[in-house]
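This report concerns the pockets and the sheet of the structure shown below.

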Amino acid sequence: MGRLIYTCITSLDGYVADSHGNFDWSAPDEEVHAFVNDLERDAGTHLYGRRMYEVMSVWETMGGPGDPPVIQDYARIWQEADKVVYSSSLAETTTARTRVERTFDPEAVRKMKAGTDRSISIGGATLAAAALRAGLVDECQLLISPVAVGGGLRFLPGGLESRLELLDLRRFGNGVAYLRYRILR
């Protein structure tokens with residue numbers, strides 16, 4: 001059975017974007033990017049909300065011979081995975097291996113998890129909040145940037161109560177810290 005994994009770069013104060021929607025402070029350096037590549041390598045499917053899909057869709061054309069090897073590697077990983085975009089407004093996708101679902105259906109995601117032995121990644125704090133509330137997320141993987149942004153879009157939704165078990169941690173040369181938690185049910 002596949003695991004649903006919520007991975008995100010977040011500020012130290014728990015935001016994935018600041019109050020103006022900016023997340024430029026979260027750009028990974030080469031060491032962190034290579035680590036993220038390894039985290040994502042097993043993902044057979046990516047689940048996105050519309051906004052996160054629009055950000056990530058650049059990977060359809062990135063990764064050419066002029067790009068650094070770490071970028072080429074991630075582009076291959078991303079392009080080889082299936083993508084599901086949950087959006088009531090997106091008319092069509094611009095990337096291969098991508099389909100649109102108009103609503104987030106927790107039961108369909110449960111079936112998706114049961115039908116694969118690969119991990120499924122979920123991207124975007126709003127979509128992840130719905131999956132967390134539905135009890136679908138198996139792991140949270142945080143890459144905590146050494147910055148406080150003071151407000152914005154939170155990594156975890158308000159009102160969520162959950163027990164977590166620390167599975168792994170790592171420190172990077174640029175001050176980023178990686179924490180991997182299993183969600184206990």
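The lining of the second largest pocket divides into eight nonpolar, two polar and two charged residues. Here Ala, Val, Leu, Ile, Met, Phe, Trp, Tyr, Cys and Pro count as nonpolar, Asp, Glu, Lys and Arg as charged, and the others, Gly among them, as polar. Among these lining residues are Leu-132, Cys-140, Glu-161 and Arg-185. The model is predicted: local features need pLDDT of at least 70, side-chain atom pairs count only at pLDDT 80 or more, and totals for chains, interfaces and linings use all residues. Residues are numbered from 1 along each chain as its sequence is written, and side-chain values use heavy atoms, without hydrogens and water.

A pocket is an open set of points on a 1 Å grid over the protein atoms alone, where a 1.4 Å probe fits, with protein on both sides within 12 Å along at least five of seven lines; lining residues have an atom within 4 Å of a point. Its volume is the space filled by probe spheres set on the points, which are joined across faces, edges and corners.

| Pocket | Volume |
|---|---|
| Largest pocket | about 1,200 Å³ |
| Second largest pocket | about 170 Å³ |

Of the 45 residues lining the largest pocket, Cys-8, Met-52, Val-55, Met-56 and Gly-124 are the closest to its centre. By class, this lining has 26 nonpolar, 14 polar and five charged residues.

Pairing requires at least two DSSP bridges between two strands. Strand 9 runs antiparallel to strand 10 (residues 177-184), and eight bridges join them. Arg-163 stands opposite Leu-184 in strand 10.

Key. Helix = DSSP H or I, 4+ residues; strand = E, 2+ residues; numbered from the N terminus.
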